[in-house]
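Here is a short report on salt bridges and helix packing. Look at the model first, then read on.

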Amino acid sequence: MGNFAANEGLSIFVILVWLGINAFLFVHYYNAFLTDRFYYTRVILGHALSWARAPAACLNFNCMLILLPVCRNLLSFLRGSIQCCSRTAARQLDRNITFHKLVAYMIAFHTAVHIIAHLFNFERFMDAQLEANTSSLTHVLSMIGNRENESFLNPIRSNETSQTIVMFTTVAGLTGVVITLALILIITSSMEVIRRSYFEVFWFTHHLFIVFFIGLVLHGIGRIVRGQTSDNVKLHKPLTCHSRFEEWGRITECPEPEFAGNPPMTWKWVVGPMFLYLCERIVRFYRSQQKVVITKVVMHPSKTLELQMKKKGFKMEVGQYIFMQCPSISQLEWHPFTLTSAPEEGHFSVHIRIVGDWTQALYSACGGDKTEGQEAWELPRMAVDGPFGTASEDVFRYEVVMLVGAGIGVTPFASILKSVWYKHVQQNTNVFTKKIYFYWLCPETEAFEWFADLLQSLERQMTEKNMSDFLSYNIYLTRWKDTEAAHFRVHHEAENDPITGLKQKTLYGKPNWDSEFNTIATSHPGCKVGVFLCGPPLLAKALEKQCLTQSQAGAEFIFNKENF
């Protein structure tokens with residue numbers, strides 16, 4: 001229970017507060033349209049009025065929140081500000097994309113309820129306008145407004161129109177259609193399969209949020225939902241006068257009712273976040289114009305490209321990431337990459353696995369498909385935004401650390417392990433971390449090669465300084481060919497591993513996490529162990545489950561995952 005509270009307690013509290021605010025707004029605005037002021041509106045629409053307005057209020061609240069989790073510079077500032085006060089609070093900012101998705105789902109849900117309710121509303125407005133019984137209250141209410149300078153209640157002013165015409169000829173109807181189409185495209189293109197396979201589709205459709213917010217602000221200008229004016233409801237009390245509608249205007253206690261639309265409110269909710277996001281984009285644009293120099297290009301096996309760069313004023317911490325743009329490939333696309341260099345180095349670097357159109361184009365632009373070398377002036381111009389903080393920044397705040405990387409997910413730990421190496425070379429005694437357990441799961445032998453040099457340097461350095469117990473590393477090959485297996489068996493007795501060249505032999509298969517966690521907990525009773533992962537969701541679930549349930553020897557495991 002202690003592990004669960006440490007890992008998930010604050011997250012659950014935040015989610016419950018968010019859900020509670022949604023529930024409060026829904027109930028409050030549902031009841032707000034059950035008041036006397038909207039009595040005559042409900043005569044025509046029934047409770048569909050409240051069912052349309054309550055989710056609209058929740059939409060305003062969630063649209064206020066949706067942009068904040070993607071303000072990267074704001075989050076980095078907040079993370080740095082609160083990290084010294086509360087590590088748990090800072091960790092919540094690392095779940096910004098998860099919260100962004102939850103808010104998006106809530107927007108989709110309330111949009112669906114809002115649309116369905118308004119479909120009923122327009123149908124009933126139309127039925128009231130076509131009402132053949134001229135002595136019915138709904139007919140009388142629909143006729144109000146036919147005289148010059150008279151306020152109206154029913155926005156459908158003619159019986160020669162249709163709901164479709166109203167939908168595409170009114171501000172509320174047209175913006176509603178645009179908002180809905182934009183939302184559908186944004187959400188459908190955000191599915192994992194599309195985002196992974198067709199990132200450009202995801203990226204471009206996500207920028208329909210500009211159309212979405214413009215439509216959202218304009219949506220309420222038409223003032224489709226109308227009720228009695230506040231002054232008129234004091235003179236014309238609907239509960240008393242509704243049964244005497246034939247005498248309206250002829251008796252003093254029941255003057256003609258006057259109606260007005262609700263003023264647009266959405267802009268009040270979203271103007272603040274929109275301004276913050278605009279500032280965010282201005283900062284990004286400014287950073288993108290700063291000169292970036294590529295100092296070295298390395299083509300690693302398994303189609304992994306390493307870029308070493310310099311930029312004036314660039315300062316980083318371990319585990320951070322940057323966004324990169326190559327204008328010669330695309331003026332619009334920015335992609336996130338974890339920094340693999342250490343803060344102590346005189347440059348910053350990234351390792352890029354070639355898996356899509358953009359990375360393939362960058363690989364070619366850097367001469368990856370050429371046999372001869374490429375001159376510096378031939379290298380493409382790069383733009384860099386960042387660095388931005390991640391969970392891995394906290395790694396040196398734990399006495400005991402577990403680092404788990406899968407495939408190219410080892411990149412943030414390259415920065416951490418390099419920094420460890422530099423700290424010990426420089427005999428830095430301020431390192432709080434006393435023990436690091438490193439796990440790397442890789443499906444192919446070629447991927448080990450670019451990282452093996454670093455591990456060999458660390459292994460040699462730790463042995464020389466009699467600190468071999470400081471870093472324990474376990475490298476797992478999860479897939480292999482029959483020919484490779486035969487080669488491994490032949491060289492298994494060699495002093496160094498045949499794959500990595502390390503003293504520590506490569507393991508085959510996948511780790512037994514129950515055993516690993518039990519061993520670490522037993523070795524460090526009562527300690528807080530920071531578990532850091534950069535890898536796929538299935539591995540994240542397995543490690544998070546271990547962190548929540550493991551309680552051996554009183555050790556407390558704190559789960560941290562990289563999110564982009």
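R284 and E280 form a salt bridge, with their closest N and O atoms 2.9 Å apart. A salt bridge here is a side-chain nitrogen of Lys or Arg within 4 Å of a carboxyl oxygen of Asp or Glu. The two residues sit four apart in helix α15 (residues 266-288), so about one helical turn separates R284 and E280. Helices are DSSP runs of H or I with at least four residues, strands are E runs of at least two, and both are numbered from the N terminus.

This is a predicted model: local features need pLDDT of at least 70, side-chain atom pairs count only at pLDDT 80 or more, and totals for chains, interfaces and linings use all residues. Residues are numbered from 1 along each chain as its sequence is written, and side-chain values use heavy atoms, leaving out hydrogens and water.

The structure holds seven salt bridges. Among them are these:

| Pair | Closest N to O distance |
|---|---|
| R284 and E280 | 2.9 Å |
| R244 and E253 | 3.5 Å |

How buried are the partners? Buried means under 20% relative accessible area, exposed over 50%, and partly exposed in between (1.4 Å probe, protein chains only). R284 is buried at 11%, and E280 is buried at 4%. R244 is partly exposed at 28%. E253 is partly exposed at 40%.
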